[in-house]
Every structure is written in structure tokens, then in C-alpha cells.
Amino acid sequence: MLRTIRAAHFLIKGPFVLLLLLFINWMINMITGVHVWWVQWAALGIGIAWLVSLFRVLKGVALAGGIAALLAMLRRKGY
């Protein structure tokens, strides 16, 4: 459960970190005049981690929904 909560936090934090890195890369390019976009490699890594986190959260939501549906069915039948 803790891993799912951390994954949900990363779904929000990941894009903000990437935007910060993009801004830093852009500022360095503007100051030095050398246009090297190293942020693409950070974006690749953060994107892969973001997808893993997304699937982890979706798995947790599906599991919680399945348990809730099972409990509702059992209550309806009087168990």
C-alpha cells in the first residue's frame, strides 16, 4: 500500500521535476550559447518511471475496486 501511495505522489511530482530540469537546461543553453539538450535523457528516465508508477497506481485502484465490489455483493446476499 505504501508503494502505491508513493507511486501516486510520483505521478504528480515527476512532471514538475522534469519541467524544472527543462528550465535549467534552457537557461544553461541561453547563457553559454551552446545548445545541448541533455534533458531528453532525464525525460526518458522519468518517463519510464512515470509509466511504472501509473501502472502500479492503476493496479492498486483495480484491486481496491474489486474488493469493494466483493464486499458489496456479500452484504447484498446477507453473509
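Colleague: Starting with K13: buried or exposed?

Modeller: K13 counts as exposed, because its relative accessibility is 52% and the cut-off for exposed is over 50%. Keep in mind that this is a predicted model.

Colleague: Which helix is K13 found in?

Modeller: K13 belongs to helix α1.

Colleague: And how far apart in space are K13 and A64?

Modeller: They are 23 Å apart, C-alpha to C-alpha. Along the sequence, 51 residues separate K13 from A64.

Colleague: Let's step back. How many helices and strands does the chain have?

Modeller: The chain has 2 helices and 0 strands. Helix α1 covers residues 2-32, and helix α2 covers residues 39-77.

Colleague: What box do the C-alpha atoms fill?

Modeller: Roughly 75 × 15 × 15 Å, taken along the principal axes.

Colleague: How much of the chain is buried?

Modeller: Buried residues are 11% of the 79. The chain exposes about 6500 Å², and carbon and sulfur atoms supply 77% of that area.

Colleague: What about contacts between residues 24 or more positions apart?

Modeller: Take the contacts with a separation of 6 or more. Residues 24 or more positions apart account for 59% of them.

Colleague: On to α1. What span should it have, and what does it have?

Modeller: α1 has 31 residues, so at 1.5 Å a residue it should span 45 Å. Its end C-alpha atoms are 43 Å apart, which agrees.

Colleague: Where does α1 bend?

Modeller: At L11, by about 35 degrees. A proline, P15, follows within four residues.

Colleague: Which residues of α1 are buried?

Modeller: A7, L11, G14, N25 and N29.

Colleague: Pick N25. What is its relative accessibility?

Modeller: It is 0%, so N25 counts as buried.

Colleague: What is N25 in contact with, leaving aside its neighbours within four places?

Modeller: N25 is in contact with V36, W37, W38 and V39. V39 is itself one of the buried residues of α2.

Colleague: What comes just after α1?

Modeller: G33 does, with a positive phi of about 80 degrees.

Colleague: Now α2. How far does it reach from first C-alpha to last?

Modeller: α2 reaches 56 Å with its 39 residues. That is close to the 57 Å expected at 1.5 Å a residue.

Colleague: Which of its residues are buried, and what do they pack against?

Modeller: The buried ones are V39, I46, S53 and V57. They pack against α1.

Colleague: Take S53. What relative accessible area does it have?

Modeller: S53 has 8%, so it counts as buried.

Colleague: And what is S53 in contact with beyond four places in sequence?

Modeller: A7, F10 and L11.

Colleague: What follows α2?

Modeller: G78, whose phi is positive, near 90 degrees.

Colleague: What about M73: which helix, and how accessible?

Modeller: M73 is in helix α2. It is partly exposed, with a relative accessible area of 41%.

Colleague: How far is M73 from A7?

Modeller: Their C-alpha atoms are separated by 30 Å. Along the chain, M73 and A7 are 66 residues apart.

Colleague: Change of topic. How many aromatic pairs does a search of the whole structure find?

Modeller: The search finds 1. The pair is F23 and W26, with ring centres 6.2 Å apart and planes at 40 degrees.

Colleague: Stacked, edge-to-face or tilted, and why?

Modeller: Tilted, because the planes are at 40 degrees. Under 30 would count as stacked and over 60 as edge-to-face.

Colleague: Where do F23 and W26 sit relative to each other in the helix?

Modeller: They are 3 residues apart in α1, so about one helical turn separates them. An α-helix has 3.6 residues a turn, so residues three or four places apart point the same way.

Colleague: How accessible are F23 and W26?

Modeller: F23 has 46% relative accessibility, so it counts as partly exposed. W26 has 40% and also counts as partly exposed.

Methods:
Residues are numbered from 1 along each chain as its sequence is written. This is a predicted model: local features need pLDDT of at least 70, side-chain atom pairs count only at pLDDT 80 or more; totals for chains, interfaces and linings use all residues. Side-chain values use heavy atoms; hydrogens and water are left out. Rings of Phe, Tyr and Trp (its six-membered ring) pair if their centres lie within 6.5 Å; planes under 30 degrees apart count as stacked, over 60 as edge-to-face and the rest as tilted. Buried means under 20% relative accessible area, exposed over 50%, partly exposed in between (1.4 Å probe, protein chains only). Contact means heavy atoms within 4.5 Å. Accessible areas come from the Shrake-Rupley method with a 1.4 Å probe; for residues, only the protein chains shown count as cover. The expected span of a helix is 1.5 Å times one less than its number of residues. The bend at a residue is the angle between axes fitted to the seven residues ending there and the seven starting there.
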